[in-house]
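Here's a walk through one fold, written for someone who likes to know what the cut-offs are. Have the coordinates open while you read.

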Amino acid sequence: QTPFPSLSAMPLLRLRAWILLGASLCSAWEHLSPPPSHPDSPSCAWQFPARGHLLRRKVLSSSSLGGSVAALGLTYLALRQRGGGGQDSSPSSKGLRMSVVDSAVHVWKEDPRYPWATSTPPAADASAEELLALMDSNGVDRTVLVQPICYLWDNSYVRDCMRRFPDRFAAVARVNPEDDASVLKLEELAKEGFVGVRFGPLDRAWWDTERMRRILAKAGELNFPVLLFLGKDGGKALPWVAPTIREMSGVRFIIDHMADVPPSDEQQIQQLLSLASCPNVLVKISHVWATSSQKYPWPDAVSVVQKVVNAFGADRCLFASDWPVCKMPAWPGGDTSYEMTVKLAKEEYKFLSEDELARLLGGTASSIWFPGR
């Protein structure tokens, strides 16, 4: 049995190593410090040893100084092994994993407690448990659960998932935009723990109404971000959606999926980018797989991501996988795995600085939905 622990075991000794480092420094300082120039000097009096101690120091100085130096070396190695010493342990070090928050995922489950609200429910479950397994295997820390349309206004399954896993999930609800009672419903949802509301696909018939303005005003009062899914051809809706967004500057709007603007339509792209002048507007960086006409890593759509981040700033952009929609054949590019969406965001946005990537991957979303966590 060796007198020192192996280097592979040293990460377990971080606290002990710090204590040892402090003690070793004190011991080495005691041996290396010269005696005071005058024994009566107050600033040096603590260094001046008693006469008997001088004799002991002469006998022990060689061995204990050597032990102190050895301890310092061992401590340094342990801290370097753990990442606790040296320049590489800086919080901005590239070796440290960035926090990842997926700002849009849908969950559902065939269960009589949560009845479907549509005549064509999903063919397969997309449960919270399956999502958690995907998150863990892909290094995603937290996720925003967005109420799926298959439940319409019954937000109970998303609510229950959020309550079962509060450290991993936040929840965004849906309310009926054509119901006056939705103003009060938002207050109830806030009490239940929801932290946002989503509308879409947007329909101009109810978007341009006083009722909708009252609902949006209540969302702003509750500090609810308002997620806007403009539809598969969302870019075409921007001209009639934008005026209300500009008018209601006290409401925080998040444009889902970069409005699904095609990479080939510069006019729609510019209409989206024009909203960057509104400080209350953020953009969800998602559906790259849906709007691209190319294969992974979808470079034509990634060029739109670059334009959006340049216009809005990374502190107003949020990564989202939109699982399980990303793997649904009804969507263009709907054979995309959760893993591919995460890999894209982590590895292919090479135009971003390290700080910008950290904000897009999780910093912006954390500040909105997981503050203080």
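Strands count as paired if DSSP finds at least two bridges between them.

A word on provenance: this is a predicted model, where local features need pLDDT of at least 70 and side-chain atom pairs count only at pLDDT 80 or more, while totals for chains, interfaces and linings use all residues. Residues are numbered from 1 along each chain as its sequence is written, and side-chain values use heavy atoms, with hydrogens and water left out.

**The overall picture**

The protein chain has 13 helices and eight strands. Among contacts (heavy atoms within 4.5 Å) with a separation of 6 or more, 77% are between residues 24 or more positions apart.

**Strands and their pairings**

Strand 3 (residues 169-174) has six of its six residues buried. Phe169, Ala171 and Ala173 are on one side, with Ala170, Val172 and Arg174 on the other. Strand 7 (residues 281-285) is also mostly covered, with five of its five residues buried. From strand 7, Val281, Val283 and Ile285 point one way, and Leu282 and Lys284 point the other way.

| Strands | Bridges | Opposite residues |
|---|---|---|
| strand 2 (residues 142-146) and strand 3 | four bridges | Val144 and Ala170 |
| strand 6 (residues 253-255) and strand 7 | three bridges | Ile254 and Leu282 |
| strand 7 and strand 8 | three bridges | Lys284 and Leu318 |

How does the chain get from strand 6 to strand 7? It crosses through helix 9 (residues 266-273), and this β-α-β crossover is right-handed. That label applies if, with the strands pointing away from the viewer, the path from the first strand over the helix to the second runs clockwise. Strand 3, helix 5 (residues 182-192) and strand 4 also make a right-handed β-α-β unit.

Helix 5 has Ser182, Val183, Leu186 and Leu189 as its buried residues. Seen down the helix 5 axis, these fall within an arc of 115°, so they line one face of the helix; the arc is that of the directions from the helix axis to the C-beta atoms. That buried set packs against strand 3, strand 4 and helix 7 (210-221). The face turned away carries the exposed residues Leu184 and Lys191. Just after helix 5, Gly193 takes a positive phi of about 110°.

In helix 12 (residues 338-347), the buried residues are Tyr338, Thr341, Val342, Leu344 and Ala345. Their arc is 155° when seen down the axis of helix 12, so they too line one face of the helix. Their cover includes strand 1 (101-105), helix 3 (128-138), helix 11 (299-312) and helix 13 (354-369).

**Cores, and one buried aspartate**

A nonpolar core is a set of buried Ala, Val, Leu, Ile, Met, Phe, Trp, Tyr and Cys residues joined through side-chain atoms within 4.5 Å. The largest has 90 residues, and those with the most contacts inside it are Phe199, Trp207, Leu228, Val308 and Tyr349. Helix 11 gives the largest share of this core, seven residues. A second, separate core of 15 residues includes Val101, Val144, Ala170 and Leu282.

Leaving aside neighbours within four places in sequence, the contacts of Trp207 include Leu228, Trp240 and Phe253.

Is Asp300 buried or exposed? Asp300 is buried, with a relative accessible area of 16%, and lies in helix 11. Not counting residues up to four places away in sequence, Asp300 touches Pro263, Ser292, Ser293 and Gln294. The C-alpha atoms of Asp300 and Ser264 are separated by 8.1 Å, though the two residues are 36 apart along the chain.

Conventions. Buried < 20%, exposed > 50% of the residue type's maximum accessible area, 1.4 Å probe, protein only. Helix = DSSP H or I, 4+ residues; strand = E, 2+ residues; numbered from the N terminus.
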